[in-house]
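Biologist: Please show me the model, and then we can go through it by question and answer.

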Amino acid sequence: MIFNSAANLPENLFQVLFEKSPGSLLIKADEPRFTILAASDSYLKITSVSREEVLGRGFFEVFPDNNDDPKDGTTARKVFTKVIETREKLDVPVYRYDSIEAGTNKSQPHYWSCSNIPIFDNDNNVAYILNTIVDITGEVKAKEAAIESEKRLLLAAEATGLAIWDLDIQELDFTYSPQLIELFGYTPNNNITLNNIRNQVHPDDMQNIVLRAYHEALETGKYAYEVRIFWPDNSLHWIRTMGIVLFNEKNEPARMLGTIVDITESKRDEIRKNDFIAMASHELKTPLTSLKAYIQLLDAKLAGSTNPFIHTALLKSGNQVNKMTALIHSFLDLSKLEPGKLQLKRQHFDINKLIEEAIAERLIITNTHIIHFHPLEVLTVNADRGKIGQVISNFISNAIKYSRKGSIVTLRSEVVDDNICVSVTDDGIGIKLKDHEKIFHRFFRAEDDDMKNISGFGIGLYLSSEIIQSHKGKIWVKSAEGKGSTFYFSLPLTV
Ligand code: ADP
């Protein structure tokens, strides 16, 4: 059908349009009856009533007041009265009016959103109210389910001592679960701000760990660190935080969210363990020093002896004492190590010279292997000479330890981009791919039949990686099982 002008409109068009409109009810403003004059098909459908049942009847005869009606002025009666009084449209975004489910005859919770528009007569009085409703039960239930699952997540987090937090990076809007308040030493009804908790972080850790981790997180999307905090009562505690950064559509960091847990107890255990290792290592150093002195004395006294056994025995004893001294020193280093707190004494030096010294030192202890190193030029780096020497010695001694006698160990140094890169290659037992990352963890040793006869504690590479990382360098390995290994570290040239 084509309509050219209003004159062509069928008489009942507006009634048809109204009846087809979504969720509409036309009510007469004859307070308190509120007679229903018209209802759309969909209104009848969602309220499960027929047109004959409603037309000409009072609104509250059809939809009687409900015991669950809210007591806050959003009942239909109050809303209609208010529309007449104020002569303005009134929206009720969410209200509950339960309906009887066809078939089961049981009352089911139902949620609605409605709008009430006054319609005026010629004298400008409110004559009708157009009431439109939308069934939002699905949305409300989905929201309730989400709130319920969030509640459960919070309960689980609380039970395991985890606090959850969320930071809007642009707005600096900081939200957190109640557990966070207790983790920072406040009573539960306190409110804390991001600044509060930042001020509680130990100033050294703020500088060395938090700020560094924050900038790294903005690049990598992840962060994890452990820091010391002071509670308001001045007691010192340890926390561990882990989380992620969420980026917006422009790939800018938008939010950070994560968890915090109190690790004070385990840190105290660790500190006690470190103190014990430090004390034991220190006590072991004294007898070892005198043992070494006696071996040197004997060596000097028996210098003229022609008995080859005496010389070999003294050489071997001296080597074992050196090995043990090196081990004790690494234990001492380990016990002094606090995360992110390695003290560096930087100086400019030629790294090739340092490599040559490390090789020479090693050859005094054992010369079971052929060590190759052919430096081409002077490579000056600004770093802690003693500590970098320790890393090179560790790489060399591992290369020797984990490869057969007589095999070749090759050292290389080169400049790659803006970094000096040093590598040590051996032809030994190699490392399974799954262990490549783990070998840099504290106390990790690969589980392998070949390993059973090789002594070690799994701390050398951990110390090496801490040393290199504190120089803002990188450490890594390329290796395959049975095919030898190459260990690398690189240091930035521009420091
Ligand atoms: P340690 O040698 O005392 O066990 P490290 O921290 O130096 O401790 O090394 C950790 C582990 O890495 C070793 O136990 C070994 O499994 C593996 N590893 C290190 N260097 C090599 C190498 N050159 N070849 C094969 N495995 C190695």
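**Salt bridges, domains and ligand**

Modeller: A search of the whole structure finds 22 salt bridges, a salt bridge being a side-chain nitrogen of Lys or Arg within 4 Å of a carboxyl oxygen of Asp or Glu. This is a predicted model, where local features need pLDDT of at least 70 and side-chain atom pairs count only at pLDDT 80 or more, while totals for chains, interfaces and linings use all residues. Residues are numbered from 1 along each chain as its sequence is written, and side-chain values use heavy atoms, with hydrogens and water left out.

Biologist: Which residue forms a salt bridge with Arg152?

Modeller: Side chains of opposite charge can pair when their charged atoms come close. With the closest N and O atoms 3.9 Å apart, the partner of Arg152 is Glu148.

Biologist: How is the protein divided into domains?

Modeller: The bounds come from an automatic or database domain assignment. The domains are domain 1 (6-140), domain 2 (161-262), domain 3 (268-335) and domain 4 (346-492).

Biologist: What area do domain 3 and domain 4 bury between them?

Modeller: The C-alpha centres of these two domains lie 23 Å apart. Seven residues of domain 3 are in contact (heavy atoms within 4.5 Å) with nine residues of domain 4. Buried area is the accessible area (1.4 Å probe) that two parts lose on being put together, summed over both. For domain 3 and domain 4, with 67% of it on carbon and sulfur atoms, that area is about 860 Å².

Biologist: Which side chains meet in a salt bridge between domain 3 and domain 4?

Modeller: The count between these two domains is one salt bridge. Its N to O distance is 3.6 Å, and the side chains are those of Glu270 and Arg442.

Biologist: Which helix gives the largest share of the side of domain 3 that touches domain 4?

Modeller: The share in question is six residues. They come from helix α11 (residues 308-336).

Biologist: How far is a polar side-chain atom of Tyr402 from an oxygen atom of the ligand?

Modeller: There are 22residues around the ligand (a heavy atom within 4 Å), and Tyr402 is among those that come nearest. A polar contact is a pair of N or O atoms within 3.5 Å; within protein, one must be able to donate a hydrogen and the other to accept it, and residues adjacent in sequence count only if both atoms are side-chain atoms. For Asn398, an N or O atom in the side chain is 2.8 Å from an oxygen atom of the ligand. For Tyr402, the distance is 2.6 Å.

How values were computed: Helix = DSSP H or I, 4+ residues; strand = E, 2+ residues; numbered from the N terminus.
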